[in-house]
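Please read the following report with the sequence and the coordinates at hand.

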Amino acid sequence: MSTASAAGPLLSVQDLGVTFGTADGPVRAVDGVSFDLTEGRTLGIVGESGSGKSVTAKALMNLLPSYAEVEGSITFGGRDLRALAAARERHFWGVELTMVFQDPMTSLNPVKRIGEQIAECLRVHLGRSRKVATAEALDLLERVGIPEPRKRLRQYPHELSGGLRQRVVIAMALACGPRLLIADEPTTALDVTVQKHILDLLDDLRRERAMSMILITHDLGVVKGRADDVMVMYGGRTMESAETPTLFGRMHHPYTRALLETIPRIDAPAHTRLVPIPGRPPSPAEVGRSCPFAARCRHRIDDCLDGVPPLVPVPVGAAGAEGAEDASHHSACIVSVGSDGRGDS
Amino acid sequence: MVGFVVRRVAALVAVLLAVTGLAFGAMNVLGDPLFNVVGFIASVDCDAVAAGEVDDISGQTAGGRGDCEVIAEARREHHLDRALPIRYGYWLGDIVRGDLGTSFKNEMPVREVIGEKLPKSVLLMVVAQVIAVGLAVPWAVAAAYRAHRPFDRASTVGTFGLVAIPSFALGVILFYLFVVRWQIFSSRYDDTDLWSRLRSMVLPGLTLGLPAAAVYMRLLRTDLLTTLQEDFVLMARAKGMSDQWVMFRHVLRPSLFSLVTVFGLSTAGMIGGSLVVEQIFSIPGLGRALVEAVIRDDFPIVLGGVVVVATGFVVVNFAVDLLYTLIDPRVRADG
């Protein structure tokens, strides 16, 4: 399956826009999102609910409903995804590009045996016989760390715990050897104790298969140390994007900082209050005239309400200083908050 | 599983007792059993005859017996001098021994009458249900596949039309078109062999089956649309399964519950036969026989029919419960 173009990213998204036609008029859920993902790397997409991260993932997976209007270009391994979708290409999604969903309790078919659900992909896409597909499903179950895999093959989803089910879902997603796995909040619905196991499993599998991954989460803490690059989304737009160490070292956008402050830190003194972000995310119907975060931002100035700030490279030096720009670090904020992450408030 | 079967059999017995008890009581209270057995001589005042005050009205009963002898014999045979619950007890005792009694009117054993009529009604039911399910499933899948589009909207109108049209109207229309106008089918019920019996059942089957198909289609379409919202459908799509595959391999089976439930209820209803349809297409089935028996106060036939229909009802719904466990493994765990 190694048909990767010699150079260039595995996945390239340019100016992606998704508009839903609703009874109350068009709603822009994703607006002007662009990013590249190099083969073998992990991209973390972080944002609150309603930030457009899941819609972005569904656009990549060709899972949007028919009343969604998609703009922009998506290329994967040099192929135009929207053209593939229009041509009803059958053996692309599920083979080269797969996805794991948030809630393992509902993402397995309750009336089909687990083995059957894993083997399905192999049989339909790769034309494996029932016997071969079942044997491969057994290997997959073993690989994702499910005890007594032979017995599990014949069980139904309701007989398994949430953590085991998410492992089954991961086995399903990996069955056809994808080059890119999108994991949409893969641990949100699970017990805290299970979350780390699942994230570590995904990490191991990614490394062992030289697979790329998009890890979608609302938790900046999840991407730290796991993702190579991070993209922070808000109100359907990219707020800030950078390589992970850069982002955590010199975060530029007030929203990124606000997100980080909502997470408990192990090194903070006991009983340190977490700082919630006041207000609520804008509904997609409200965005488009100003910085989407302006209404909740502590650093807002009048100019923030005057047009949507573009995503621009962040200068390497201190705030406002002349100097080189970091080509991989972009932020959509016109206010200089301070590169140490502590703005004047 | 054993407990399940035992509970079911107990339910069957309870249902049969309740239904036959009600029917037995109603028939005996609303009609005079003696009159139904012996006819007009029931009004002879035998005490007066015995006292010599009046003569036997006719004195012409076959065998030269007096009316009062006939009356006394009928009372003895049918236990008419006993209280109602005791008579019900006698009837039950006969049933347990497999004796459904004999018709008051033509002395035919009830078992024979039902044995002759029931297969025709069952055949009609089977043909009607095959038509109904055979139409409803692909129709619902097609409508749910493109919900709220023109085909789906037209289907809604069509199904409402089919449900709203009374069966006598639909039957008569079909009869007129296919029998009178185009002469594709014969107007008589042809009992010569299975093939001709099936052929005779096409129009009555359509008359019963089309409205049922409409009901099934609405139920299944709604359940399909609900299932289509499930996450596992999204997951199946993300696995790259085609729309048809997702619909038939993932969505259809978990969506069958309402359809199966109503299917069970209407199957039992159809075993009782459909008087109107049997009348229009002159099928000598159980429905017609039962209505005629009610009109003529032929108690044993009516009660025999009640037993058959009630048993059918319980058995079919038992089968439906077993079907649930086939459809959804989660039901098995709770079973």
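What follows is a short account of selected features in chains A and B.

**Confidence**

This is a predicted model, and its overall scores are an ipTM of 0.85 and a pTM of 0.83. In chain B the mean pLDDT is 86, with 94% of the residues scoring at least 70. Within that chain, confidence is highest in helix 9 of chain B (residues 194-228), where the mean reaches 94, and lowest in helix 16 of chain B (residues 329-334), where the mean is 70. Where pLDDT is low, the predicted coordinates should not be read in detail.

**Strands of chain A**

Strand 4 of chain A (residues 68-76) pairs with strand 1 of chain A (residues 11-22) in the antiparallel sense, over eight bridges; in this pairing A:L11 has A:F76 of strand 4 of chain A as its bridge partner. Strand 4 of chain A is also paired with strand 5 of chain A (residues 79-80), again in the antiparallel sense, over two bridges, and here A:T75 is bridged to A:D80 of strand 5 of chain A. Strands 4 and 5 of chain A form a hairpin with two residues between them, and in its turn A:G77 has a positive phi of about 55°.

**A helix pair in chain B**

Two packed helices are described by the angle between their axes and the distance between the axes. For helix 1 of chain B (residues 2-30) and helix 15 of chain B (residues 299-327), the angle is about 155° and the axes lie 9 Å apart. Because angles over 145 degrees count as roughly antiparallel, helix 1 of chain B and helix 15 of chain B are roughly antiparallel to each other. Helix 1 of chain B passes helix 15 of chain B in a right-handed crossing. The residues of helix 1 of chain B that make the contact include B:R8, B:L12, B:V15, B:V19, B:A23 and B:M27, while those of helix 15 of chain B include B:F299, B:V302, B:V306, B:A310, B:V314 and B:F318.

Conventions: Residues numbered from 1 in each chain as written. Chains lettered and ligands numbered in written order. Predicted model: local features only at pLDDT ≥ 70, side-chain atom pairs only at ≥ 80, totals over all residues. pLDDT = per-residue confidence, 0-100. Helix = DSSP H or I, 4+ residues; strand = E, 2+ residues; numbered from the N terminus. Pairing = 2+ DSSP bridges. Axes fitted to C-alpha atoms, helices over the stretch in contact; angles between N-to-C directions. Parallel < 35°, antiparallel > 145°, perpendicular 65-115°, else oblique. Left-handed = near helix turned anticlockwise from the far one by under 90°. Contact = placed C-beta atoms within 7 Å.
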